[in-house]
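Thanks for coming. Please look at the model on the screen while I go through its pockets and then one of its helices.

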Amino acid sequence: MKSAVYPSLEGKRVVITGGGSGIGAGLVEAFVRQGAEVHFLDVLEAESQALAAQFAEASAAPVFHRCDLTDTAAIAACFEAIGPVQVLVNNAGNDDRHTLDEVTPAYFDNRIAVNLRHMLFCAQAVVPAMKAAGGGAIINFGSISWRLGLPDLVLYETAKAGIEGMTKALARDLGAHGIRVTCVTPGNVRTPRQLKWYTPEGEAEIVAQQCLKGRIEPADVAALVLFLASDDARFCTGHEYWIDAGWA
Ligand SMILES: NC(=O)c1ccc[n+]([C@@H]2O[C@H](COP(=O)([O-])OP(=O)(O)OC[C@H]3O[C@@H](n4cnc5c(N)ncnc54)[C@H](O)[C@@H]3O)[C@@H](O)[C@H]2O)c1
């Protein structure tokens, strides 16, 4: 397949949270191939080092920063070290299953911290330089899960619904500065972690419910994110963009 190249992404400084594995690793690869200066934040040391090493020969090699995104002071320090950013992809999340009776106040706070809170504080860290530059792009990862009402994910789905509200609010507040804020809503994407939840029969059930009969790969999601990050999407803001093969 021949894929698009966006000249406007070349040389841009891009930060990807949760870039060490899954969709995030696909995003790192996709932005490196566009000639962007990629920085990715993760807690997975070995996977992230291996990913960075894979592209060590690229014109701009991606840089891994170990950062626990539940620690807001660590987020601030990390962005301070990176410097002005033109594109922020708020991708990190965690879809551990849980039932209502298992939820404690501490677990509630932890799930919101892992799935929602860091997106706002990463945005807060990049916005001053984006304002000074007269623009930028922030792309938040939502999920189809709460639209479908999938079971045993109440806190994850609460966070993912909140991300859509946050996207709308920030797009309004930041639009006057030329900063675009969008949300990507993936269906089921074939990552190593998803294969933990779904058996081959489970995967086949998802495909049966999709309009398009194939498995979505991280590169397919990255293709949408590249467009939203590029200047070609200059009037896209404040909305969700779905990539679910027509599942919902
Ligand atoms: N894969 C899917 O089918 C799917 C579907 C809908 C939405 N999404 C969303 O897409 C995004 C990426 O999902 P994925 O499937 O690649 O997930 P994943 O679990 O494979 O990868 C998430 C990455 O985030 C990192 N991360 C998690 N907590 C962190 C923390 N506290 N600090 C730093 N890094 C942390 C993980 O180490 C991991 O590398 C998530 O926001 C997820 O909710 C995924």
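Helix α9 (218-229) gives the second largest pocket five lining residues, the largest share. Helices here are DSSP runs of H or I with at least four residues, and strands are runs of E with at least two, numbered from the N terminus. This is a predicted model, where local features need pLDDT of at least 70 and side-chain atom pairs count only at pLDDT 80 or more, while totals for chains, interfaces and linings use all residues. Residues are numbered from 1 along each chain as its sequence is written, and side-chain values use heavy atoms, without hydrogens and water.

A pocket is an open set of points on a 1 Å grid over the protein atoms alone, where a 1.4 Å probe fits, with protein on both sides within 12 Å along at least five of seven lines; lining residues have an atom within 4 Å of a point.

The second largest pocket holds about 370 Å³. Among its 15 lining residues, Ser3, Ala30, Ala219, Ala223 and Leu226 lie nearest the centre.

The largest pocket has a volume of about 940 Å³. It is lined by 42 residues, and closest to its centre are Asn91, Ala92, Gly93, Asn94 and Arg193. Helix α4 supplies four, the largest share of that lining.

Now helix α8, residues 200-209. Which of its residues are buried? Gly202, Glu203, Ile206 and Val207 are, buried meaning under 20% relative accessible area and exposed over 50%, with a 1.4 Å probe and protein chains only. They sit on the same side of α8 because they cover an arc of only 140° around the axis, taken from the directions from the helix axis to the C-beta atoms. Facing away from that side are the exposed Glu201, Glu205 and Ala208.

Note on methods: Grid points are joined across faces, edges and corners, and a volume is the space filled by probe spheres set on the points.
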